[in-house]
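Try each task on your own before you read its solution.

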Amino acid sequence: MSLPETTLMLIRHGETEWNRDRRFQGHGDSPLTAKGQAQTDALGKRLAAVPFDRLVSSDMGRTQATATIIAGHTGHAIQTDPRLRERHYGVLEGLNIQEIRRDHAAVYAQLITEDPDFTIPGGQSHRQHYRAGIDFLESWLDAHPGQTAAVVSHGGFLDNVFRYIAGLKLGAPRCVLAGNSSLSIIVHGQFYGSARWIIRSWGDEGHLAGATP
């Protein structure tokens, strides 16, 4: 008996004002920039030609704004799930690196050790964030086998998915990036003799060529 392939098209939200200003966002939020809206519009046009079953988004403002632009091209209703949120950066949210080093030097020193169990004051540990995201991934597979979904989320969630599939330790530094409005595709099915997730593509930005506000 063949295993149905379940596909997730993972999307990082469009550029925000805090992305542009290099500020930690986490559960804080800022609106999409004009560039971010143009990026997402280009992605929406691309996805309009791709059949898929569901459109799911983190419940943060920047991801819902991204999903709304995509839905304008594809016609999908938007489902939200809080497990797709970015890591909560607590006292660091809204600050850039210079401000963090000045005002929260001890927290920053702990953060850059990559200790997965370090809990940012007022926020989360990497392990807590990882568990929430992987719970979404595993429960989605159980509930929607054989379906294709577009999932709008955040850089931290995407990093955790890559680690999960590649078997990387939580304490290892990030080794891949996914830019704003990029598209990464993962598939679960029968591969290499066993049931597993594979990464079909990562951080694809081909649709962004010429996308200007």
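P4 is partly exposed, with a relative accessible area of 40%; buried means under 20%, exposed over 50%, and partly exposed in between, with a 1.4 Å probe and protein chains only. This is a predicted model, in which local features need pLDDT of at least 70 and side-chain atom pairs count only at pLDDT 80 or more, while totals for chains, interfaces and linings use all residues. Residues are numbered from 1 along each chain as its sequence is written, and side-chain values use heavy atoms, with hydrogens and water left out.

**Exercise 1. Check the span of helix α6, then sort its buried and exposed residues.**

Solution. Step one is the length. The expected span of a helix is 1.5 Å times one less than its number of residues. For the 18 residues of α6 (residues 126-143) this gives 26 Å, and the end C-alpha atoms are 26 Å apart, which agrees.

Step two is burial. The buried residues of α6 are H126, H129, Y130, G133, I134, F136, L137, W140 and L141. They cover an arc of only 140° around the axis, which puts them on the same side of α6; the arc is that of the directions from the helix axis to the C-beta atoms. On the other side of α6, R131, D142 and A143 are exposed.

An α-helix has 3.6 residues a turn, so residues three or four places apart point the same way.

**Exercise 2. Which residues of the largest nonpolar core touch the most other members?**

Solution. First the term: a nonpolar core is a set of buried Ala, Val, Leu, Ile, Met, Phe, Trp, Tyr and Cys residues joined through side-chain atoms within 4.5 Å. The largest such core has 19 residues, of which L8, L10, F136, V151 and I186 touch the most other members. Then look at the elements: β1 (6-12), α6, β4 (148-153) and α7 each give two or more residues to this core. The biggest share comes from α6, with six residues.

Q79, in strand β3 (residues 78-80), is 72 residues from V151 along the chain, and their C-alpha atoms are separated by 9.4 Å. At 31% relative accessibility, Q79 counts as partly exposed.

**Exercise 3. Describe the largest pocket by volume, lining and residue class.**

Solution. On a 1 Å grid over the protein atoms alone, a pocket is an open set of points where a 1.4 Å probe fits, with protein on both sides within 12 Å along at least five of seven lines; lining residues have an atom within 4 Å of a point. Grid points are joined across faces, edges and corners, and a volume is the space filled by probe spheres set on the points.

- Volume: the largest pocket has about 1100 Å³.
- Lining: there are 35 residues, of which F24, E86, Y89, G156 and R174 lie nearest the centre.
- Elements: α1 (17-20), α5 (105-111), α6 and α7 (155-166) give two or more residues to the lining, and α7 gives the most, with six.
- Class: the lining has 15 nonpolar, nine polar and eleven charged residues. Here Ala, Val, Leu, Ile, Met, Phe, Trp, Tyr, Cys and Pro count as nonpolar, Asp, Glu, Lys and Arg as charged, and the others, Gly among them, as polar.

**Exercise 4. What are the phi values of R22 and E114?**

Solution. Most residues other than glycine have a negative phi, and most peptide bonds are trans. Phi of R22 is near 60°, a positive value. R22 lies in the loop between α1 and α2 (34-47) and is exposed, at 69% relative accessible area. Phi of E114 is near 65°, also positive. E114 belongs to the loop between α5 and α6 and is partly exposed, at 30%.

Key:
Helices (H or I, at least four residues) and strands (E, at least two) are DSSP runs, numbered from the N terminus.
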